Structure formats: C-alpha cells, structure tokens
Amino acid sequence: MANAMSQTKAKRKRVRDVKTRSRGTRRAVLKWSAVALSIVAVPIVLVFLINSVDQDVRSEAVAFADPPKDEISPAQNAYFALVGHTAAPTDDPHRKGMEVVALHNRLIAQAPAHAVTVADARELALGPQRVLFRGRVSDICDPTADRCLADYRERARDIEEMLRNNRILVSRYYALYRYPRYREMAQPSVHFLGSWDDSNTNALVRAAIGLQAVRGQTGAALQALQRDTRFHRLVLRDAETLVAKMIAVKRIQRNLLLLSEIIGAARLDGRNARFAKETAASFDDAELGFQRVFRGEFRFARQTLQTLDGNPVTVPPGETGFAALARPLYKRQATINLEYKKYRFLADLADLSQSELYAELSSGRVESAYDREWLGLHSIYNPLGKLFVNLTPSSLWIGYIGRAKNLEALARLVRLQLAARTRRVGDSQMPEFLARAEAPLRNPYTGESARWDVATRSLYFMCLRENTKSELLGKRIAVALSP
C-alpha cells in the first residue's frame with residue numbers, strides 16, 4: 001500500500017515538473033518573441049516616423065518649372081497649324097488648331113483630380129470631316145533606310161499619285177515654312193496632346209524632293225530641302241517636350257541623309273553647293289541643348305504627380321490594404337524636388353559640348369550622380385517617390401541627348417563629303433584629305449579626323465550611343481562619298 005502511494009506521489013511530481021517546464025518554455029518563447037517583434041517593429045515604426053512629414057517644394061524647382069517668359073503671337077506659332085493639320089478641307093488648320101488646344105486645356109482644367117482619361121479634344125474639335133492621309137508612304141522607302149533615292153526613282157508614279165491624292169495636306173505642310181516660331185501651348189498633363197499628324201505628309205514631301213533630284217532638278221531639290229530643314233531646326237530649338245525634340249531630330253537626320261545622296265549623285269555647281277553647305281550648317285547650342293525640353297518634362301512630371309496623387313494627405317475612397325499602408329512612404333512634394341534635381345542635372349549635362357559631354361560620361365561620374373538618391377540609408381525617406389523618379393535609367397536619357405548631339409557629327413560628314421566631291425578627291429587621296437581637315441570637320445566628341453571605309457567608300461565617325469546596350473562611342477554615323 002505504501003509503495004502504491006509512493007508511486008502515485010512520484011507520478012504527480014513528474015507531471016508537475018513537466019507542466020512547470022512547459023510553462024517556463026512558453027514564457028521564454030513569449031519573451032523572446034516579444035524581443036524579436038520589438039527588433040522588427042522599432043525600425044518599421046522609425047521608418048514611418050521618418051516619413052511622417054513631407055518637404056516643401058524648393059523655390060528653385062518652382063522657378064525651373066516656369067514657362068518661357070517671352071510672348072509669342074498665336075499667328076506666328078506653327079504649333080497650332082501642326083495640331084490642326086488634318087482639319088476639314090474647308091477649315092483653316094491654324095484656327096482649328098487653336099480650337100483644339102483651347103478645348104484640350106479646358107477639359108484638363110475641368111477633369112477630376114484622379115481622372116485617368118479625358119475626351120480627345122482633336123476628335124471633338126476637328127470632327128468627322130477631317131482630312132486623312134491616303135496611301136502608304138512607308139511602301140515607297142523603308143523609314144529606317146539610310147538611302148532612298150533609288151526607291152524614289154522606281155516608285156515615281158506612286159509618289160506622283162500620292163501627291164495628287166493628298167494635295168490639301170501637302171499644301172498645308174508647305175505653309176508651315178512661313179512660321180517664325182514654335183511653342184507647344186497644350187497644358188502639361190498625363191492627358192498628352194500630340195501635334196504630329198503630319199508624319200506621313202513629311203515623308204511624302206521628302207520623297208517629292210528626292211524625285212526632283214533623280215529627275216535632274218537638283219537646284220529645286222536642294223532649295224526645297226533647305227526650306228524643310230530650316231523649319232525642323234526651328235522646332236528642334238524651341239521644342240518643350242521630348243517627343244517634339246526627337247521627332248525634329250529624326251526629320252533633320254533624314255533630310256541630311258537625303259542631302260548626302262544628292263551630293264553623291266550629282267556634280268554641284270557653285271550655287272547648288274552653297275545651298276547644300278547651308279543646309280548642313282553646324283548646329284548651335286540652343287538647337288542641341290535640352291533646357292527647354294527638360295523644363296517642359298519637369299512641368300509634365302509635376303503635373304503627373306499631382307494628378308496621380310490628387311490629395312497628398314488622405315487615402316482616396318476605396319484604397320485599402322497594401323496601397324493604404326504604402327501611401328505614407330510616398331511624399332509628393334519631396335518627389336517633386338527629386339524630379340527637379342533629376343531634370344536640372346540632365347539639362348546641365350546636355351548643355352555641355354560634345355567633347356565635354358564625352359569626357360564627363362567617360363569618367364563614370366554621371367551614372368553615380370544620377371543614381372545617388374536611390375542608394376544609401378537616406379533612401380529610407382520617401383522610398384516610393386525615389387522609386388518613381390528612378391524608373392528611367394540615366395543611360396536612356398543619355399541616349400536621347402546623344403541622338404540630338406549626333407546631328408552635328410552627321411552635318412560635319414556631309415560638309416566633308418561636299419568638300420571632297422567639289423575638290424574631286426580620289427580614293428587614294430582620301431586619308432590625307434581627312435587628316436588635314438580643320439576642327440569644324442572633325443569628330444565633335446574626340447577631335448579626331450573622320451575615318452575612311454575603303455570597302456563602302458564611306459566617311460564615318462564613331463559617336464555617342466543612342467541606346468543602353470552599346471559602348472559609349474558605339475554609334476557609327478556614315479555617309480557614302482558617292483553611289
């Protein structure tokens with residue numbers, strides 16, 4: 001009996017010991033769990049406390065966003081004629097363009113803060129009677145081809161037919177040459193109003209110029225090409241959006257390539273040589289600079305942030321879960337300041353000459369300066385805003401700058417070609433001729449003389465890359481001495 005009681009007591013003691021150890025383990029787990037949770041929670045709370053206050057928009061940013069001060073008479077502004085290019089046959093394209101822009105600006109002003117879309121002002125103002133381009137001008141010559149004269153010769157009838165079928169648009173396009181100024185007047189907004197319904201007309205006019213050249217009307221072709229290039233250099237200088245700037249760059253590039261073909265195919269007299277040289281004249285700082293563009297892009301970015309974040313304090317109705325939790329990590333005004341720093345940096349970079357730009361890019365300082373805001377502990381503040389600002393890598397922006405800067409290289413090559421053709425420099429003499437070229441005819445990035453490709457009989461420079469995948473001087477720009 002005593003043994004049975006003793007065994008029972010021992011069992012009870014073992015049970016109590018197990019329970020005690022279990023409670024101790026639970027307390028230890030809870031204790032260390034609380035410690036671990038505190039370790040995790042404190043930084044999270046700290047991050048949210050750091051992000052509890054937005055910045056004031058810097059005064060420099062406000063000044064950078066100011067539009068140009070000089071006034072332009074609407075009657076002198078080619079922008080309106082471009083916007084209204086496809087107006088009905090009985091309408092004045094300039095007047096209709098003004099109506100489109102006024103309606104577009106009014107629709108934006110009246111749209112709710114979070115509006116994703118607004119009505120298409122061009123569709124509303126121009127109406128169903130608008131003139132549409134007839135034909136496929138891209139069938140005449142590949143838009144990406146460097147040489148088109150042979151195609152213009154073969155497709156002469158197609159060009160003439162398109163000119164007849166699109167005579168209203170062609171006439172309106174020629175009327176653009178009379179405008180002395182260009183400025184985009186649509187309000188910066190996510191609801192973009194493009195102004196380039198004349199793309200097909202532009203390609204057709206270039207084909208018509210080429211057709212004049214192949215038919216021996218060299219003087220007329222060169223004068224027409226000079227007038228067209230002069231207009232696009234106006235847009236190149238005054239554009240305030242990256243889209244307009246890049247379209248002007250592309251059109252001038254196409255004109256210079258056509259000019260090179262005409263020079264190579266015909267022996268020019270003194271008068272025509274002068275037209276060719278003037279068309280390929282060097283570009284000035286205002287034409288190749290990006291101050292206007294990056295100021296305009298900053299205005300667009302600021303307006304985009306205000307549209308996407310109609311109220312910087314409250315969470316919009318229906319926004320819950322992760323979006324509501326993440327909103328404190330985005331500061332609109334701090335993001336505007338970051339956008340200003342980015343576009344100010346890019347504008348100053350683009351103001352450098354080609355040689356200065358090459359030296360700066362070669363140093364590796366540009367990428368580190370551009371990406372600095374996203375690296376380091378200071379990225380804890382406004383991380384989502386910094387992510388938004390850094391969605392576009394610096395190499396992409398440099399590619400856009402390079403496309404404009406490379407126009408000078410192409411113009412120099414065309415002038416070199418003209419000089420070689422005028423002086424009847426033979427292939428064997430070409431290396432010496434190029435080596436003796438003066439500074440305005442050398443590679444604008446390196447100062448080296450142009451290179452001679454014997455196999456293709458071409459002059460070329462290695463220029464600034466135009467994409468993110470090639471080396472810094474990875475763009476080969478060339479013109480053939482003759483067909």
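A disulfide is a pair of cysteine sulfur atoms within 2.5 Å. In this predicted model, 1 disulfide is counted by this rule. The bond joins cysteine 141 to cysteine 148, with an S to S distance of 1.9 Å. The torsion about the S-S bond of cysteine 141 and cysteine 148 is about -70°, so the disulfide is left-handed. Cysteine 141 and cysteine 148 are both buried (under 20% relative accessible area, with exposed over 50% and partly exposed in between; 1.4 Å probe, protein chains only).

The model is predicted: local features need pLDDT of at least 70, side-chain atom pairs count only at pLDDT 80 or more, and totals for chains, interfaces and linings use all residues. Residues are numbered from 1 along each chain as its sequence is written, and side-chain values use heavy atoms, with hydrogens and water left out.

Cysteine 148 also lines the largest cavity, together with Ala145, Asp146, Tyr152, Arg206, Arg254, Leu257, Leu258 and Glu261. A cavity is a set of points, on a 1 Å grid over the protein atoms alone, where a 1.4 Å probe fits but cannot get out; lining residues have an atom within 4 Å of a point. Grid points are joined across faces, edges and corners, and a volume is the space filled by probe spheres set on the points. The count comes to 1 cavity of 30 Å³ or more. The largest cavity holds about 50 Å³ of space. Its lining has 5 nonpolar, no polar and 4 charged residues (nonpolar: Ala, Val, Leu, Ile, Met, Phe, Trp, Tyr, Cys and Pro; charged: Asp, Glu, Lys and Arg; polar: the others, Gly among them). Helix α11 (residues 242–265) gives the largest share of this lining, 4 residues. Helices are DSSP runs (H or I, at least four residues), numbered from the N terminus.

Aromatic pairs number 14. Rings of Phe, Tyr and Trp (its six-membered ring) pair if their centres lie within 6.5 Å; planes under 30 degrees apart count as stacked, over 60 as edge-to-face and the rest as tilted. The rings of phenylalanine 294 and tryptophan 397 have centres 5.8 Å apart and planes at 70°, so this pair is edge-to-face. Phenylalanine 294 lies in helix α14 (residues 291–308) and tryptophan 397 in helix α20 (residues 394–422), 103 residues apart. Both phenylalanine 294 and tryptophan 397 are buried. Ring pairs link Phe290, Phe294, Tyr343, Trp397 and Tyr400 into a cluster.

How values were computed:
Helices (H or I, at least four residues) and strands (E, at least two) are DSSP runs, numbered from the N terminus. On a 1 Å grid over the protein atoms alone, a cavity is a set of points where a 1.4 Å probe fits but cannot get out, and a pocket is an open set with protein on both sides within 12 Å along at least five of seven lines; lining residues have an atom within 4 Å of a point.
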